[in-house]
Amino acid sequence: MEARIEKIKQQLQSQGFKLTPQREATVRVLLENEEDHLSAEDVFMLVKDKAPEIGLATVYRTLELLSELHVVEKMNFGDGVARYDLRNDSTHHHHHHLICVQCGAVDEIMEDWLGTLEERLEQEFSFRVLDHRLDFQGICYRCSGKEKPIALIKQQPSHAQA
C-alpha cells in the first residue's frame with residue numbers, strides 16, 4: 001500500500017499538488033476498499049472513522065481532484081450516484097462492469113475485449129483510442145438463481161458489490 005501511496009503522491013506533485021493528510025486519508029480508504037465501488041458518502045463515512053476532522057466537502061474535492069488526475073475513475077452505474085474506482089497501473093485500459101438492475105451488484109471483467117475494435121477504429125477512422133469503458137446492464141447470476149460463473153471465479157480478485 002505504501003508504494004501505491006507514494007506513486008499517487010508523485011502524480012499529485014507532478015501536477016503541482018500536495019498529498020495533504022486529508023488527501024492521504026481519502027486515498028488510504030480507497031486503497032483499503034479497492035474491491036468496492038464507493039460513493040463520496042461511503043468514502044466520507046470511512047475517512048471520518050480515521051480522521052474525524054475531515055469534512056464531506058474535503059472528501060468531494062479530493063475525489064474530484066483524483067478523478068481529474070486520472071488516479072481514480074468516476075463512474076455512474078445508472079443509479080444517479082457517482083462512484084469511484086482506483087485506476088490500475090498494470091492495465092492499459094480500465095476494466096468493464098456487469099451491473100445487475102435488480103440487486104445492484106457490480107461484477108468486473110478484468111480482460112480487455114475491445115483491442116480488435118480499437119485497432120479497427122484507428123485503421124478505418126484514424127481515431128486512436130486512449131481509453132474506454134464498457135458497462136453491461138442486466139440480471140446477475142445471483143438474481144437468476146445460478147451458480148457463480150467460472151469466468152468470475154477465475155478472476156482474482158473477484159469484485160462484487162451486493
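Predicted model: local features only at pLDDT ≥ 70, side-chain atom pairs only at ≥ 80, totals over all residues.
**Strand pairing and the nonpolar core**

Asparagine 76 has alanine 82, a residue of S3, as its bridge partner. Strand S2, covering residues 72–76, is joined to S3 by 5 bridges, and the two run antiparallel. Together S2 and S3 form a hairpin with 5 residues between the strands. Within that hairpin, glycine 78 adopts a positive phi near 90°.

S3 also pairs with strand S1 (residues 38–39), again in an antiparallel arrangement, here through 2 bridges. On this side of the sheet, leucine 38 finds its bridge partner in tyrosine 84 of S3. S3 itself is mostly covered, with 4 of its 5 residues buried.

Nonpolar side chains tend to be buried together in soluble globular proteins. In the present model, the largest nonpolar core comprises 25 residues, and Leu30, Val43 and Leu66 have the most contacts inside it. Two or more residues each come from helix H1 (2–14), helix H2 (21–32), helix H3 (40–50), helix H4 (56–68) and strand S3 (82–86). The greatest contribution is that of H2, which supplies 5 residues.

Apart from neighbours within four places in sequence, valine 43 is in contact with Thr26, Val29, Leu30, Leu38, Val59 and Leu63.

Technical notes:
Residues numbered from 1 in each chain as written. Heavy atoms only, no water. Core = buried A, V, L, I, M, F, W, Y, C linked by side-chain atoms within 4.5 Å. Buried < 20%, exposed > 50% of the residue type's maximum accessible area, 1.4 Å probe, protein only. Contact = heavy atoms within 4.5 Å. Pairing = 2+ DSSP bridges.
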